[in-house]
Structure formats: structure tokens, C-alpha cells
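I opened a notebook on this structure to record what I looked up. The entries follow in the order I made them.

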Amino acid sequence: MGKRMRKNLRHTAAKAVERKALAVDAPAAPAPLISDRQRRRLERRSVLDRITSNGTISACVMILAAVAAVICANTDAYYALHEWFALPVSIGIAGWEFSFSFELFVNDFLMAVFFLLVGIELKYEMTVGELRRPRQAMLPMLAAVGGVVVPACIYGFVNRGGAVYGWAIPMATDIAFALGVLSLLGNRVPPAIKVFFSTLAIADDLLAIAAIALFYGHAPSMMWLGAAAVVTALLVVLNIRRHFRLAPYLALGLVLWFCLYQSGVHATLAGVILAFTIPARSDIDAGGLVSWLGAKLPELDDRFDDEAHILGQHDFTHAVSGVERVMHRVTPPLQRLEHYISTPVNFLILPLFAFVNAQVRLVGVDLGALVVDPVAVGVYLGMLLGKPVGIAGVTFILVKAGLAELPRGVRWPHIVGVGILGGIGFTMSILIAGLAFTEIPAELLAAKTAILVGSVSAALLGLAYMHLVCRGRAAR
């Protein structure tokens, strides 16, 4: 036993000497790529990105803006705000002047940026999402049609012979608000439900955009429509000729917005048109990118001098700039633009739109008359009753007829819950109400009040219902 122990000790000592020698001969550990301060800054940036990309947080910000608008509208601040919203904003160039109010700037120009984001989401879904598979997308898309037709019919029936022009108000689903509410349930909601609801909401947006374009514009000016068609053709040519820089598209998009604004067609449609013309492909062959970078690394290593200051290493910085330009062009222009505008849209444009348009002043208003106003009743019933009946009804008919199947993991109570949440129609509904009742303040007040109450009711009822329906899944 003693001989074996001494042998083991000698072996252990030899190994220790070998490790020490290797440690001396081995190169020193490479210096960290970034400092601790830079790492902490990147971590903070990552946290900020997660916050700004959270649909629940952005929906809460919009709700707070709407609540603040209702509070301000029922105080003395209402008159000062109303006067400020009506102040003209003028742009003059060489004797030519273009003027519009702040409220018009928010509703027509800033909302065009929102529609640009909606158009990007639509194109994404049609390129790599659920809308590229017609058979899979058929069920939620046709369910969205039911969720549009039934609310419009309910509104039209209640307002027959009256303010029937507001028929499209209860048909729209606020995709950001509704998905934000659904996300509050976390992983208890089956993934297939989220996909189904997202596809349905996107199809719903398409139908709302079509309704605005066809029924809620002014008498169009053919000259300006022709100019808009020419600009659209130029955008298509840029896409066909594979121009991947965003600047030309954005410049022509601004011209397109102006042409549509002057034509009488609602100018926010320029955002959707622009989105569908921006390239969704990369300027770089992604398949050969890794091998190209591998060939570039020896060149960068040869040009780098670790004893010289970075400002004096012109060859190295020039080579790095070339790599930076290539890497920047890997991301498709459509995706780059979405990254640029998503945070401003969710945290600036939509809250500002909510604050400007949710100015529901109830001081001195006969609440009893408001509650029974046909416009308010039609909008409220359309959102809270028409949406679930239309969505669940069309889905039931298609499945029972054998034309479609429920997604895996989705049950009928889930479809009813999706229909209830589809009644959340804040942003698009308020926009359509403003277009429908521009000259009728009393009806506009009734419509906005019903939209606010109906959206809150649908959110609370849908959240409670889905919580009960998905409780069993959480236990499993």
C-alpha cells in the first residue's frame, strides 16, 4: 500500500509540474472585447429593447393616454387643448404654403406611419407567416370576415333610417391592444390560439383599411389620384430594380402621402402602399456570408497592429468599415424600417392619437339620452355581441361543413374567447368614427363613448373568460 501511495504522489507531482509548464508557455487570455461599462450599457439597452417590444406595456401606455384624455376633456383644460389642437401648422416653400391643424397632422400624417407599420406586419405574414399558407390562413381570415359583417349588420339594424354611415365603426379590432390583453395570460394560452388570433386581427386590419379606402374618403380628385398612381409605379420600379436603400422609398412615400391627401382619399393609405413596395429580401447572399466573413478574418488580423493607436490604423479601420457596410445590408430593408418605427409608433404616435381623439366631454351631457343613442347602442352591441357571434359563428360553419379544421390544441371555448377579445376596437374604430361623423359632433361623441366603453368591456370580459378557459392548461 505504501509503494502505491508513493507512486501516486510522484504521478500527481509530475502532473502539477506539467500544468505549470503549460501555463507558462500558453498565450495570455485575450483581452475582453468590451469594457465592463460598455457591457452594462448594452445590458441596459437590451432591457430597454425588451420593454419597448412588449405588447402589454405599449397597450398600457395607450390606455393611460386615453384615460388622461377623458380626464382632461371633463375639466377646464378641455377648451385650451381643443384650441391648441385646432391651431394651424404651415409649411411654406418659395411662396407656396401648405397648412393643416395639429389634430389633422396626428390623424392623417402620424397615423400614416402607424399604417406603414401595419402594412409591414401584413407583408411579413404574407411572405413568411401564416398568410403565405392559404389553407392554414383560410379559417382565421374567413372568421375575420364574419367578425366584420355581423357587427356592421347589427349597427345598421339599430341605426336603420338614421346615422347608418357609421356602419364600419364596430368592425375593427385593435391588434396591439387585443394581443396585449391576451399576453397578460402568459403561457396558459395555447400557441395555436395566438397564431389564430394574430392572423384574424391582421385580416381584420386589411378589411378595415379597405373600408376606409372605399367608403370614407371625399370625392376623389382624378388628377391627384393619377399623380399618386405615378408615384406608386415609381416605388414598384425601385423594388423591381432591386434598390435596397430606404431613403428613396421614404422620399417617394412622403410624396405619395401628399398626393393622396390632396386627392380626397384618406392619406393614411400611403403607409400601406409604401410598405408593400419596400423590399423584403436582403441585398446580400446570406448563404455565402459565413464563408465571406471567414475569408475576411485573416485580412483583418494582418492589418491590425496591437501596438498602434486605432486612429492611426487606416488600413484596418477601412477594412472594418467594409465589413460593417456588408453586415448592415444583410437585414432586409423592410425589417430595418420596422425596427426604426415600431418603438415611436407604439410609445409616441398611438398614445398621442389616443390623447387627441379620446377627448370625450360628458360635462352637461344628458347621460340617459347618450346611453340610448342609436349610434352608441349600435357600436357597443356590434363590438361586444357582433364580434364573438361573427367570429365563432363563421368558424363553426366552416368546421362543421368540413371546409376547415380547428388548429391543434384549440377548443371551441377558445374560439369564443377570441371573438370576445376581437371586440377591442380602439384605434381603428376611433379613426373611422372621426371620418364618419366629421360634421356631426353629437354622433361623434356617442360613437367615441361607445368605443371606449365597449373596448374596456371586451378587454375585461375576454380576459376573465380566457382566464377560466385556460386555467386547466395552466394546471397541466
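Which helix gives the most to the lining of the largest cavity? I looked this up and found helix 3, with 3 residues. I note here that the model is a predicted one.

**Entry on the cavity**

I searched the whole structure for cavities of 30 Å³ or more and got 1. The space in the largest cavity comes to about 50 Å³. I listed its lining as Ser58, Ala59, Met62, Ala176, Phe177, Asn346 and Leu350. Two or more residues of this lining come from each of helix 3 (55–73), helix 7 (175–183) and helix 14 (333–357).

**Entry on the largest pocket**

Next I turned to the pockets. For the largest pocket I wrote down a volume of about 1,000 Å³. Its lining has 40 residues, and those nearest the centre are Glu103, Asn107, Gly434, Thr438 and Leu444. I then looked up the elements that give two or more residues to this lining: helix 4 (77–85), helix 5 (102–127), helix 14, helix 18 (426–436) and helix 19 (441–469). The lining divides into 25 nonpolar, 11 polar and 4 charged residues.

**Entry on the second largest pocket**

The second largest pocket holds about 840 Å³ of space. I found 32 residues in its lining, with Ser53, Gly55, Glu121, Glu338 and Asn346 closest to the centre. Asn346 is also in my list for the largest cavity. The elements that give two or more residues here are helix 2 (36–52), helix 3, helix 5, helix 7, helix 8 (191–215) and helix 14. I recorded 11 nonpolar, 15 polar and 6 charged residues for this lining.

**Entry on a helix pair**

How do helix 10 and helix 11 run, roughly parallel or roughly antiparallel to each other? I took helix 10 as residues 246–263 and helix 11 as residues 269–277; their axes come within 9 Å and cross at roughly 150°. An angle over 145 degrees counts as roughly antiparallel, so that is how I describe helix 10 and helix 11. I noted the crossing of the two helices as right-handed. On the helix 10 side the contact is made by Tyr249, Leu250, Gly253, Leu256, Trp257 and Leu260. On the helix 11 side I have Leu269, Ala270, Ile273, Leu274 and Thr277. The residues of this contact divide into 9 nonpolar, 2 polar and no charged.

Key:
Residues are numbered from 1 along each chain as its sequence is written. This is a predicted model: local features need pLDDT of at least 70, side-chain atom pairs count only at pLDDT 80 or more; totals for chains, interfaces and linings use all residues. Side-chain values use heavy atoms; hydrogens and water are left out. On a 1 Å grid over the protein atoms alone, a cavity is a set of points where a 1.4 Å probe fits but cannot get out, and a pocket is an open set with protein on both sides within 12 Å along at least five of seven lines; lining residues have an atom within 4 Å of a point. Grid points are joined across faces, edges and corners, and a volume is the space filled by probe spheres set on the points. Helices (H or I, at least four residues) and strands (E, at least two) are DSSP runs, numbered from the N terminus. Axes are lines fitted to C-alpha atoms, for helices over the stretch in contact, and angles run from 0 to 180 degrees between N-to-C directions. Angles under 35 degrees count as roughly parallel, over 145 as roughly antiparallel, 65 to 115 as roughly perpendicular and the rest as oblique. A crossing is left-handed if the near helix is turned anticlockwise from the far one by less than a right angle, and right-handed if clockwise. Contact means heavy atoms within 4.5 Å. Ala, Val, Leu, Ile, Met, Phe, Trp, Tyr, Cys and Pro count as nonpolar, Asp, Glu, Lys and Arg as charged, and the others, Gly among them, as polar.
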